[in-house]
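Dear colleague,

Please find below the structure for your review.

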Amino acid sequence: MPVVVALGVAIAGCGKGFEFSGGGQGGETATGGSGGTSTSGSGGTSTSGTGGAGAQGAGGSTSGTAGAGGIAPCRGLSFDGSHDFVQVPDHGALDGMGQLTVEAWIFVSGTAAAAILSHHQEGQALGGYVFEHKNNKALTFRMFAGGQSYGEGGSVLSQITEEIWVHVASVFDGSEIRLYVGGELKDSGPQPLPGGGIGDYAGPLRIGANVATDDRYFDGLIDEVRISDVPRYTGAQFNPPTGPFLVDGSTVALWHFDEGEGQTAADATGTHHGTLGASQATELSDPMWIEVPCIGEMNPG
Ligand SMILES: [Ca+2]
Ligand SMILES: [Ca+2]
């Protein structure tokens, strides 16, 4: 069973992100960046190096507690870049909408192109949408309808330039796609959809991998993923959220990734619960529960 792994932490950027390397499934050893070494057994002990100001605020005192059975207040999922994903069953509410916001907090460790969230079909391009970053970490968002692909991104303006936790959002307001990194508009363009809505895709949704091509595995950390059927953000700049999202009338799905153990990533709306990896079994495709900075502590700057 995946367990929470306490990470050695090291300050990155302005000190509100932390580096991470290593990982693997529960029971393996994760090596923190320059901050120290964390080990985790199956429900066993956990140790932490002196990472300085830690994920949960000054002092980093919470590092090293979770593996011994304690529950850290803020958790997320680590994806290994080669196998891992969270899978959510298809549901009529996950596409077909005429407006959409997909957003998450991410920490990109790998350089290869990878999907943050995918619920789409390539090729015939009948339906769905995919939120990815390219090899240069440029964000892209594509929607599919009527056999066509509609997308924005890929320019250097969209680049995620620092390896820190960052809020990323793709917004479709019915006539325009906007891409935001850290609350700043990085790219936008008119993209009217035929028929006014995103086409239906009958397959599952995956977080951390491209479901259409079964590749582009995300290498890094993901937390607080939300899909909304409204354009949450407008204009050139907004302040990234400073706390966990709450479910409202426009929330299609919201995964806090706060479970810290087990095979289920619950949807706060109660409908679109995800499974770690391909099944409820412990397997290679399971991402790993980890302690992460709490929302608000992640916000760079
Ligand atoms: Ca979380
Ligand atoms: Ca599994």
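Residues are numbered from 1 along each chain as its sequence is written, while chains are lettered from A and ligands numbered from 1 in the order in which they are written.

The chain has 21 strands and zero helices. Two strands are said to pair if DSSP finds at least two bridges between them.

Strand S17 covers residues 219-228, and nine of its ten residues are buried (a residue is buried if 20 or more other C-beta atoms, placed from the backbone, lie within 10 Å of its own, exposed if 12 or fewer, and partly exposed in between). S17 pairs with S8 in the antiparallel sense over seven bridges. Strand S6 (residues 75-80) is also an antiparallel partner of S17, over four bridges, and there Ser78 stands opposite Leu221. Four bridges join S17 to strand S18 (residues 251-255), again antiparallel; Ser228 has Thr251 of S18 as its bridge partner.

In soluble globular proteins, nonpolar side chains tend to be buried together.

Leu117 lies opposite Ile207 in S16. Beyond its neighbours within four places in sequence, Leu117 is in contact with Val102, Ala104, Phe131, Leu205, Ile207 and Val225; contact requires C-beta atoms, placed from the backbone, to lie within 7 Å. Strand S9 (residues 114-120) and strand S16 (residues 205-207) run antiparallel and are joined by two bridges, with Ser118 opposite Arg206. Seven of the seven residues of S9 are buried. On S10 (residues 127-133), S9 has an antiparallel partner joined by six bridges, where Ala114 stands opposite His133. The hairpin of S9 and S10 has six residues between the strands, and Gly123 takes a positive phi near 75° there.

An open sheet of eight strands, with antiparallel pairing, has the order S12-S11-S10-S9-S16-S7-S20-S19. S12 and strand S19 (264-265) each have a single partner strand, so one side of each is left without a neighbour in the sheet.

Thr161 lies in the loop between strand S12 (148-153) and strand S13 (166-172). Thr161 is exposed because 12 other C-beta atoms lie within 10 Å.

Lastly, please note the confidence values. The mean pLDDT of the chain is 79, and 75% of its residues reach 70 or more; pLDDT is the predictor's confidence in each residue, from 0 to 100. Over residues 5-72, pLDDT stays under 50. Where pLDDT is low, the predicted coordinates should not be read in detail.

Definitions and conventions
This is a predicted model: local features need pLDDT of at least 70, side-chain atom pairs count only at pLDDT 80 or more; totals for chains, interfaces and linings use all residues. Two residues are in contact if their C-beta atoms, placed from the backbone, lie within 7 Å.
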